[in-house]
Amino acid sequence: IEDAVRARMRRQQALYEPARQFRVLLWEGALYALNAPREAMAAQLDRLRSMIGLDTVELGIIPFAAELRRSPSHGFWIYDRRLVIVETLS
């Protein structure tokens, strides 16, 4: 567990590198769904809150009231012009 935590902390350092830019887009429902114990979810929300104001991060939230052309079905990550990862339901 300690090694995994250290690895996550190293990855998070990228958020503070001036040459990088991150855009995070979440559906409001993701902020309410309890996919982990409450303590873990609270820590994740705290982490998101701490990203607000960073020059390297843009955080957007799609509100419940937004009219969507399609239902959200799965997540995806766009890393750069060469790499996109899609998490499919199957």
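Reader: What are the ground rules here?
Author: The model is predicted, so local features need pLDDT of at least 70 and side-chain atom pairs count only at pLDDT 80 or more, while totals for chains, interfaces and linings use all residues. Residues are numbered from 1 along each chain as its sequence is written, and side-chain values use heavy atoms, with hydrogens and water left out.

Reader: How many helices and strands in the protein?
Author: Two helices and four strands, in the order α-β-α-β-β-β from the N terminus. Helices (H or I, at least four residues) and strands (E, at least two) are DSSP runs, numbered from the N terminus.

Reader: And what box do the C-alpha atoms fill?
Author: Roughly 40 × 35 × 30 Å, taken along the principal axes.

Reader: What share of the residues is buried?
Author: Of the 90 residues, 9% are buried. Buried means under 20% relative accessible area, exposed over 50%, and partly exposed in between (1.4 Å probe, protein chains only).

Reader: Which element gives the largest share of the lining?
Author: H2, with eight residues. Elements giving two or more include helix H1 (2-12) and strand E1 (22-27).

Reader: Arg-38 is in H2. Buried or exposed?
Author: Arg-38 counts as exposed because its relative accessibility is 61%. Its C-alpha atom is separated by 25 Å from that of Leu-15, 23 residues apart along the chain.

Reader: Which residues make the nonpolar surface patch?
Author: Phe-76, Trp-77, Ile-78, Tyr-79, Leu-83, Val-84, Ile-85 and Val-86, over about 810 Å². Such a patch joins nonpolar side chains (Val, Leu, Ile, Met, Phe, Trp, Tyr) within 5 Å, from residues with over 30% relative accessible area and no salt bridge (a side-chain nitrogen of Lys or Arg within 4 Å of a carboxyl oxygen of Asp or Glu). Areas come from the Shrake-Rupley method with a 1.4 Å probe.

Reader: Where is Ile-85?
Author: In strand E4, and Ile-85 is partly exposed, at 39%.

Technical notes:
Patch = residues over 30% accessible without salt bridge, like charges linked within 9 Å, V, L, I, M, F, W, Y side chains within 5 Å.
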